[in-house]
Amino acid sequence: MSAESFEPAPQAGTGASYASAGVDIEAGDRAVELMKEWVKKTQRPEVLGGLGGFAGLFDASALKRYERPLLASATDGVGTKVDIARQMGVYDTIGHDLVAMVMDDIVVCGAEPLFMTDYICVGKVHPERVASIVKGIAEGCVLAGCALVGGETAEHPGLLGPDDFDVAGAGTGVVEYDRLLGADRIRTGDAVIAMASSGLHSNGYSLVRHVLFDRAGLSLDREVPEFGRTLGEELLEPTKIYSLDCLALTRTSEVHAFSHITGGGLAANLARVIPDHLHATVDRSTWTPGAVFDLVGKAGRVEQLELEKTLNMGVGMMAVLPQESVEVALTTLADRGVDAWVAGEIVERGEHAEGATLTGTYAS
C-alpha cells in the first residue's frame, strides 16, 4: 500500500500526540530545571555557557600550557547495578558509580579529568528522580575534579517500564605527552601498590544478583551483621573515585602505571598495563577482602578463581612504581584517606603465560 493511499482506521477521541505515545516533554523540562543547581557545582573556569544548549563548551585554550597535550577519552555505564537502585528507590548514588567508571579509566594514563557528559534513559520521566541521578553524577564530578558540561535524558516508553532506567557517560581528560603512563615505563623490581575498594564497585552485578537473589533468596532489606547495614545498602555503596588521589600520587612520586580494577577482576586488569617481557605477582596475603565478597562466594558456592575473574576482591586501583617511591606514595595516599599497601612486585615474565597472577591465601 502506498503512503498516498493509506487511510487510518477510524478511532474515537482526539488525534495522536507525543504525550499519548508516552513521552512527556513538560516533565523533561522540569527535570532539566531541577538538575541545573547540581550541574553548576561542577563548573570549571574553562566551561562556557550552561545547560540548555545543543553542545557543552570547554575552552581549549586552557591546554596551551601543555607542550604536547594528549586528549584521553573513555565511556562506560554501571551495568545492572541500576536495578538495585531502582528496587531500593535510591537514585542519588548511582551517579558516583558512573563518574568513577569513566574518570578512573581516564586517570590510568596519567590524564587530568576535564569534562564529562551523561546519558540517562528512562521508561517515564519522573523529574525528581532524574534530578536525583544527575545530583549523584554532579557530586561524582566534583570528587573527580571534572566538569559536567551536558547530557541527554531520553524517554523510551514501550521499551522500558515506567520505573526502569539506565545511565551511561563519556569523559575527556588531558595528559602531557612525556608524562603519559603505561607499560613502557614499568621495570623489573617495581612495586605494585593496591588501593582498597569501597566494596563491589560497579562490576559483576549480574553474578551477584543471580547468586544472592535467585539462588540464595535474600532480600534487599535483610540486615547483614557483617555489613552493619542492609544487603541493599551494601550493594548500593558507591564506587570509589580515585582520580584526584592518583593525580596527587603522580605529583609526589614517580609512578609508572595505574590499573583500574573493573570487569574481569584484578589480575586481568593489571595485566593490561604490564609489558610482554614482564610479570606482576600479587600476594593475596597482604589484604582481606570485604565481607560482601565472602557472602557472594558462600551463597553461590562460587569458586575463588571465578570470584577473582569477576569481582575486584577489595582492590579498586593499583599503582606500579619504583621501590624507592613506595614510602612517599603510601604516605601521600594515607594523607588523602586512601587505604593502600604494597601487594606485589614486577618480575621477569619467564615461564608465566599471563601478565599478572595472584599468589598465596587471603589474610583472615
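**Group meeting: how the helices pack**

Helices here are DSSP runs of H or I with at least four residues, strands are E runs of at least two, and both are numbered from the N terminus.

Before I go on, this is a predicted model, where local features need pLDDT of at least 70, side-chain atom pairs count only at pLDDT 80 or more, and totals for chains, interfaces and linings use all residues. Residues are numbered from 1 along each chain as its sequence is written, and side-chain values use heavy atoms, leaving out hydrogens and water.

Back to our pair. The axes of α3 (residues 94–106) and α4 (residues 127–144) come within 6 Å and cross at roughly 40°. Axes are lines fitted to C-alpha atoms, for helices over the stretch in contact, and angles run from 0 to 180 degrees between N-to-C directions. So α3 and α4 are oblique to each other; under 35 degrees would be roughly parallel, over 145 roughly antiparallel, 65 to 115 roughly perpendicular, and the rest is oblique.

Who's touching whom? Contact means heavy atoms within 4.5 Å. On the α3 side we have Ile94, Gly95, His96, Leu98, Val99 and Met103, and their partners in α4 include Ile133, Gly136 and Leu143. The residues of this contact split into 9 nonpolar, 4 polar and 1 charged. For the classes, Ala, Val, Leu, Ile, Met, Phe, Trp, Tyr, Cys and Pro are nonpolar, Asp, Glu, Lys and Arg are charged, and the others, Gly among them, are polar.

Next, α5 with α9 (residues 291–299): their axes come within 9 Å and cross at roughly 65°, and this crossing is left-handed. Val208, Val211 and Leu212 of α5 meet Leu295, Val296 and Ala299 of α9. That contact has 6 nonpolar residues, no polar and no charged ones.

Now, salt bridges: a side-chain nitrogen of Lys or Arg within 4 Å of a carboxyl oxygen of Asp or Glu. The structure holds 15. One of them joins Glu112 and Arg65, at 3.4 Å from N to O. Glu112 sits in strand β4 and Arg65 in the loop between β2 and β3, 47 residues apart.

Last thing, confidence. pLDDT is the predictor's confidence in each residue, from 0 to 100. The chain's mean is 89, with 86% of residues at 70 or more. Over residues 1–8, though, it's below 50.

Key: Left-handed = near helix turned anticlockwise from the far one by under 90°.
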